[in-house]
Amino acid sequence: MAGGGLVLGFSWLASCKDEAAVEATLAMPDEWFEINGFLKIGNNGVVTAMSPNPEIGQNVKTAMPMIVADELDVDWNNVIVEQAPLNTDIFTRQLAGGSQSIRQGWNSLRMAGATARQMLKQAAADAWQVPVAEITTAAGVLSHKASGKSAGYGDMAAAASKLEVPEEVKLKEIEEFTIIGTDRKNVDGKDIVMGKPLFGLDVQKEGMLIAMIVHPPAFGMTFKSADLESVKTMQGIKDAFHIVVYPEGAERQWSDGGAIPEMVAIVGESTWQCLQAKKALKAEWEAPDKLESTSDHDKGLAELLAKAPKEPARRDGNPEKAFAGAARVIERTFSAPYLAHNCMEPMNFYAHVTPDKAELLGPTQTPEFLENTLASVLEMPKEKIDIMMTRMGGGFGRRLYSTFAVEAAMISKKMQAPVKLVYTREDDMSQGTYRPSYMVTYRAALDEAGKLLAWHVRAAGTNDGGVFENRFPAGALDNYLAESHMLPTQVTTGAWRAPRSNFLAGAENAFLDEVAEAAGKDPIDFRLELFDRAINDPVGDPEKNDYDPKRYAGVLKLVREKANWDAGTPSGKGRGVSAYYCHNSYVAQVLDLHMDRNEPRVDKIWCAVDCGIVINPLSARNQIEGGIVDGIGHVTYSALTFQNGKPEQTNFDRYRLIRHAEAPKEIETFFVDNGIDPTGLGEPSLPPISGALANAMYRATGTRYYHQPFVGSKQDQRVIG
Amino acid sequence: MARFNLNINGTQREVDVDPSTPLLWVLRENLNLVGTKYGCGIAICGSCNVHVNGTVVRSCSMPVSTVGKQEITTIEGLSENGDHPVQEAWLEEDVPQCGYCQTGQIMTAAALLKQNPNPSDSEIEMAMSGNLCRCGTYVRIKKAVKRAAESQSNS
């Protein structure tokens, strides 16, 4: 298993690494020894740790190796991190999605480090002829107290690499962690600020051509014809052709969501030349009888909300009776538009397909699924397909659907040349797997004393059902009814950071605020009373309720204390609270704002988070801050609308994203320290913040905000860059 | 196609391209300076920001034919070893998430501090509002700009 030199045969990234900078701080070993798929140790003790999962900005490339390195018991400054390629023999779930990388990787990452440490100990015990149990480790050094012997990991790496990997090994106690739970900077930080080639769009290869696509301009349309000859003669253009990306009978899976089976491909020497040809291309498209507009979607959702579905998603007690006998019923409807993902790095992928082999390199959140699809469309065994991941200029769910990589592969196959497919921003925004549009109606029944008697939620979404029926307040009151509708549409949708939660959390928390006000109660007290019920006398099977009411209440109490909630809102400010559970984590937020004309300006946010053990607090806070800014931005400003199947916003001139001056001035994050195994972090801070924002805007303006985006109408989105 | 002699990061570089080609694509594809990023192509997002004679310019919307003898500085030319005070402050604050927009942010911040070594919060907000960050790192960007301003004034 020993290898000489940098054993990084797959590594485009390594070749782009700033070796000089690494060498300035770390002496490269003469020889590397592979201990297991996650780890190589050099003869001088330098460690290479593989980061198995795709990096989309959630910082797993730092956090995952930190876990391995801690169990290995080395000095973090002695660790080099490499992005692993797709390798299903070694790694499981190489996927960036659902905020699950750390949660689901936790045990295997710890085991990788701990087994390697045990093998090093065994090698030392063999060399020194002492019992392995007497060997201790610290910061990459093996010691045997009784004999006074010690050695660096590098000295034992060769012998350790030849040992069997132990099946069982003792993991560290939490108190023994030296890296987990400490602030560690982004391992790619220096390369990022220096503008090194890290991203898919930065890939340059010998003989590589640029490819662009022209896809149908409206959802529902399909390819009819194109005047390919006229663009083929343009300067720098190598070819232009109609291409079937998904041949008939090709296997499709969820990660092919949003796939457009047929389009036009243009291949040339440079991006600018392809872009000119793309603009010049005259193509005709088949239109179906009906092309959808936003007004159709809104009407369809509203019609669904007006009626009960055949079966409820969950029904506890007798909600109808409770509503009939209530002293007061509050009913409110909330809505949200489609959203585009708008990763700053538009979709792209490098592919080189030959009859014997397919090499792909680029930004995908789902390399394993991509491999399955490629095997089908290329009719090639998986063993002949290599997929490597670049760092990604954002993901947010968009790159779960790697149809652009499939397009790149099919274009490369046709061209018999390496190609880099580049989407323009307009391609990216108009060929999306969008956040669905949603509508939800909540009803609450109160008795004379302001006690919540019944709760009814009925939601509808485009291509998506609309409720999480077993989440709060299910289980916290006797009479509960959750109903869900789905409106099938031509517009393609998919996971967008915190799917469904990104709408429901805000709507639910805004409604709770209004109900608490009607009940004459403090909004935190009102929620805590419900949690008390769920803790002490849960309704229904407690296992079925998809949250732990103690942890939920815990973050609310923590944020109440940190924000000094009970002292009341500072004068001139509006203050709102919100809390939500998703991706296995609990978040509660208090937000202070003032209004600047009709726009909210957020002065401060306090955010309490229970995600179990925090691997890297420095970047964990960054994720929380980012989710909050992302949430505030989209709920305040963003919308994607359609007219006859065409997106009305195709670039940032009409699609408004939050900018620096509109961002919160200060965000303070507090993690609950409870030693529970880590849970999701990349998504959970986003969903509730729109509730805190809406509630604070109500306090500042006297107006309740039910329909997103809160600022600007859907027709008036033009902004100046 | 036409030949252009460009002054890029203090070095004369010759390229043979269509005169309408934006500076962005010349940098990225002809000169292999990929730290300047493509984000929108219509001068809205700031990912492609470079300095032209010390002033921030959107390279996606500047045809190469209009560059002439002007001095172009890209992120690769901001410092040789990534130790410009703004880059150091970015690392110190651990600003990046995905990292894609950050070179554009850094170029804007560096130009701001050159012109205004001690900007107020609102001056930072105004100057940095031309750069989109989809990950939402604005809070840290502001801290990093302030840190860079402090470190420059102390040196």
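## Two domains in chain B

Domain bounds come from an automatic or database domain assignment. For chain B, that assignment gives domain 1 (2-77) and domain 2 (85-154). The model is predicted: local features need pLDDT of at least 70, side-chain atom pairs count only at pLDDT 80 or more, and totals for chains, interfaces and linings use all residues. Residues are numbered from 1 along each chain as its sequence is written, while chains are lettered from A and ligands numbered from 1 in the order in which they are written.

The centres of domain 1 and domain 2 of chain B, taken over C-alpha atoms, are 21 Å apart. Their contact draws 15 residues from domain 1 of chain B and 12 residues from domain 2 of chain B. Two residues are in contact if their C-beta atoms, placed from the backbone, lie within 7 Å. On the domain 1 side, strand 3 (49-52) and strand 4 (55-58) of chain B each supply at least two residues. Strand 3 of chain B gives the most to that side, with three residues. By class, the domain 1 side has five nonpolar, nine polar and one charged residues. Here Ala, Val, Leu, Ile, Met, Phe, Trp, Tyr, Cys and Pro count as nonpolar, Asp, Glu, Lys and Arg as charged, and the others, Gly among them, as polar.

Helices (H or I, at least four residues) and strands (E, at least two) are DSSP runs, numbered from the N terminus.

## Where chain B meets chain A

Between the chains, 47 residues of chain B are in contact with 51 residues of chain A. Several helices of chain B each supply at least two residues to its side, among them helix 1 (23-30), helix 4 (102-115) and helix 6. Helix 6 of chain B gives the most, with four residues. The chain B side divides into 24 nonpolar, 16 polar and seven charged residues.

## A residue in helix 6 of chain B

B:Ser151 lies in helix 6 (residues 138-154) of chain B. B:Ser151 counts as partly exposed because it has 15 C-beta neighbours inside 10 Å. The cut-offs: a residue is buried with 20 or more other C-beta atoms within 10 Å of its own, exposed with 12 or fewer, and partly exposed in between; C-beta atoms are placed from the backbone. Leaving out residues up to four places away in sequence, B:Ser151 touches B:Pro85 and B:Ala89.

## A three-stranded sheet in chain A

Chain A holds an open sheet of three strands in the order 6-7-8, with antiparallel pairing. Two strands pair if DSSP finds at least two bridges between them. Strand 6 (135-138) and strand 8 (149-152) of chain A stand at the edges with a single partner strand each, so one side of each has no neighbour in the sheet. Four bridges join strand 6 of chain A to strand 7 (residues 141-144) of chain A. A:Thr137 stands opposite A:Leu142 in strand 7 of chain A.

Helix 4 (residues 101-128) of chain A lies across strand 6, strand 7 and strand 8 of chain A, at about 130 degrees to strand 6. Helix 5 (residues 153-161) of chain A also packs on the sheet, touching strand 7 and strand 8 of chain A; its direction makes about 80 degrees with that of strand 8. Axes are lines fitted to C-alpha atoms, for helices over the stretch in contact, and angles run from 0 to 180 degrees between N-to-C directions.

## A buried helix in chain A

Helix 14 (residues 501-519) of chain A has 19 residues. Of these, 17 are buried, so helix 14 of chain A is largely enclosed by the rest of the structure. A:Gly520 follows helix 14 of chain A, with a positive phi near 75 degrees.

Terms used:
Expected span 1.5 Å × (residues − 1).
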